[in-house]
Amino acid sequence: MMMGRRSRSKWVTFVLTLVWWFSCCCNMSALGMEEEEYIKYKDPKQLVEVRVKDLLSRMTLEEKIGQMVQIERTVATSLVMKDFYIGSVISGGGSAPRPKASVADWVNMVNELQKGSLSTRLGIPMIYGIDAVHGHNTVVNATIFPHNIGLGATRDPELLKQIGDATALEVRATGITYAFAPCIAVCRDPRWGRCYESYSEDPKIVQEMTEIISGLQGVVPASQQGLPYVAGKKKVAACAKHFVGDGGTEKGINEHNTLTDRHGLMSIHMPAYYDSIKKGVSTIMVSYSSWNGKKMHGNRDMITGFLKDELKFKGFVISDWQGLDRMTSPEHLNYTNSVQEGILAGLDMVMIPFNYTEFIDDLTFLVKNNFIPMDRIDDAVGRILLVKFTMGLFEDPLADLSLVHEVGSQEHRNLAREAVRKSLVLLKNGKRTDTPLLPLSKKAQKILVTGTHADNLGHQCGGWTITWQGFSGNNETSGTTILEAIKSSVDEKTELVYIENPNNHYLKSTNFDYAIVVVGEPSYTETAGDSLNLTMLEPGPTVIKNVCAVVKCVVVVISGRPIVIEPYLESIDVLVAAWLPGTEGLGVTDVLFGDYGFSGRLPRTWFKNVDQLPMNVHDSRYDPLFPFGFGLTTPVSVVTRSPSTSFTAMTRQYAYIFVIGVIIALYFKAKRELLTWQTTFQRQFSNILRRIQGTLNAGHHYQAVETVRLRR
């Protein structure tokens, strides 16, 4: 009995061991199969189209709709990103992690949100967008370039490309991957508050300036022309805006109605989009405005029919800020209907930016009840994923501090300074053409600097700087005001007097060699800048009148567009349109004092009075104060070149010449020394040979004498 029990016990143990072993094998096999499962969308070696298709096939409706959502930073958390599968985050105008946030603050904020996105089931990274419209303009101490109207005056596409490259570096330094630039509006009426965001009234110039896209994103390879393209971790996705006709609204009223036939729309407002798409622009933003009464956010014929189907745009189309809300008046009336109309029109991503749950609920309802077909959702999400894969976001979703040194770097500030001096347009130089006042002498005994904008960095930069509407004063970011630039340019023995608004008694009792008067507009953005009178900030006119009546005066106008100047023109000796030059005021003094010559040309017509508006080049009734393309030039005065001038292009040229001269001198010196050495060597070698020969001869003679002696 005991033996039988032991036998049965061994048998049971053996069977249990087999079962355990088989179970382990099955589990290991399942684990191995799980580990070996191949996921195409995670493989960077796969074609982007293959990755998009694979990922799209794995996504639920909830995950797809989440990708179409862009929310503001202030309502975004890592948990929100995870729970709602949010596809994009935006910093609205002036929205920063904290006041005067550092680059590290920006990187940490973006990464924290990105980690929320990466923790989702499929790990789809979000894309962070910001208005970097004249440099990385929301970030403290970043380089602020001239606004687009000034860049249009340069007529220099290669310069625009360099600015795009510098802007991309500064944006990526903060962890941000998407810039809402460039604005390719063709402003046809300077009364529009966004006219400074337009390069020109001439569509051809706007087309040329789209070269900034090649700087922001990289130069698209010939084989990929027409497809979204971003060349790696030092570039950003660009956004051509605002589609289409935003610069042609009646009386320049922001977000209003553009009245023109199809030919007018296509010939004036559309051409820059052709160039942008060819250069691989990743996204296009739709305009708030209407075309002949039809809101562009709901215009399916233009967004889907023309932009996507006819122009074959493959990137994604994004709404403007609360674009769906503003489709109705009052805003947000029947929002569900606006969602339906906008998505069916062809919007792929919606800049909501706050009440995202309402949008998600409405869009989910519309899809589930067949008001919006699933293939429209798949088209939208496929385009968003295409851009994200193309950018390399799936491979490198998180940022680091490796580019921190790029923000506000001296190299970028030198580039901005170059852009400033090339953007300035000289409209008048002397009350008589044969007696020019420019270039100014740096060795004058006494100079007056005056005006509302002479020592105001905020006015100098304009809107979209640190905050949405810009700022006034010198405390929000770093830069060089025009007053500071003048101080660093003139001779140390020159007496420089700064009074913002001097009175008549003082002016008449003081002898100045000349005065520099800096006046213009306050900073503004969008609707806040709409103006029917286009006058300068008070007391600008009074300062011009008082100063120019008793002192030779150079008037520098800081403005986002032509403003009323004709009433003061006769009293002015020199008139300069400086636009909104940004942080590098030394670019202004570079040309005033003759270190460089003036070369800028008007990118838009300068009117005599506002009653003439709108008035553009080639109009049948064209009677401007200064015509489109006008701009005087001045010679370079090498003698007056400022010793404080930074290491810019001109000094580099001199350095190159100096280095080449040194190399040539060293070459000939070395050649002379070599010849001298050869001569010396030959002489010394000859002497050695003669000595050896003499020794040999002496030895031979000795041997001969001895031989004779022996013979004797």
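Reader: Is Lys-251 buried or exposed?

Author: This is a predicted model. In the model, Lys-251 is found in the loop between strand E5 (239-243) and strand E6 (257-258). Exposed means over 50% relative accessible area. Lys-251 has a relative accessible area of 53%, so Lys-251 counts as exposed.

Reader: What is the phi of Lys-251?

Author: Most residues other than glycine have a negative phi. Lys-251 is not a glycine, yet its phi is positive, at about 55°.

Reader: What is the relative accessible area of Glu-255?

Author: Glu-255 lies in the loop between E5 and E6. Its phi is positive as well, near 65°, although the residue is other than glycine. Glu-255 is partly exposed, with a relative accessible area of 22%.

Reader: How many residues of strand E16 are buried?

Author: In a regular strand the side chains alternate between the two faces of the sheet. In E16, Cys-553, Val-555 and Val-557 point one way, while Val-554, Val-556 and Ile-558 point the other way, and all are buried. For E16, residues 553-558, the number buried is six of six.

Reader: Which residue stands opposite Val-555 in E17?

Author: E16 has parallel partners. With strand E15 (residues 514-520) it pairs over six bridges, in the parallel sense, and there Ile-516 has Val-554 of E16 as its bridge partner. With strand E17 (residues 574-579), which also runs parallel to E16, there are five bridges. In E17, the residue opposite Val-555 is Leu-575.

Reader: Which helix belongs to the β-α-β unit with E15 and E16?

Author: The unit made with E15 and E16 is right-handed. In the loop between E15 and the helix lies Pro-539, and the peptide bond from Glu-538 to Pro-539 is cis, with omega near 5°. The helix of the unit, residues 540-548, is H20.

Reader: What is the omega of the cis peptide bond that joins Ile-352 and Pro-353?

Author: Most peptide bonds are trans. Pro-353 is found in the loop between strand E11 (350-351) and helix H14 (356-368). The bond joining Ile-352 and Pro-353 is cis, and its omega is about -10°.

Reader: How far apart are the end C-alpha atoms of helix H7?

Author: Helix H7 covers residues 157-173, which is 17 residues.

Reader: Why is H7 described as largely enclosed by the rest of the structure?

Author: The buried residues of H7 include Leu-159, Leu-160, Ile-163 and Gly-164. These buried residues pack against helices H5 (103-118), H6 (148-154), H8 (203-209), H9 (212-217) and H16 (410-423). H7 is largely enclosed because the number of its 17 residues that are buried is twelve.

Reader: What angle do helices H10 and H11 make where they pack?

Author: Two packed helices are described by the angle between their axes and the distance between the axes. For H10 (residues 262-269) and H11 (residues 271-278), the axes are 5 Å apart. The contact is made by Met-266, Ser-267, Ile-268 and His-269 of H10 and by Pro-271, Tyr-273 and Tyr-274 of H11. The helices are therefore oblique to each other, at an angle of about 50°.

Key:
Residues numbered from 1 in each chain as written. Predicted model: local features only at pLDDT ≥ 70, side-chain atom pairs only at ≥ 80, totals over all residues. Heavy atoms only, no water. Buried < 20%, exposed > 50% of the residue type's maximum accessible area, 1.4 Å probe, protein only. Helix = DSSP H or I, 4+ residues; strand = E, 2+ residues; numbered from the N terminus. Pairing = 2+ DSSP bridges. Right-handed = clockwise from strand over helix to strand, strands pointing away. Expected span 1.5 Å × (residues − 1). Contact = heavy atoms within 4.5 Å. Axes fitted to C-alpha atoms, helices over the stretch in contact; angles between N-to-C directions. Parallel < 35°, antiparallel > 145°, perpendicular 65-115°, else oblique.
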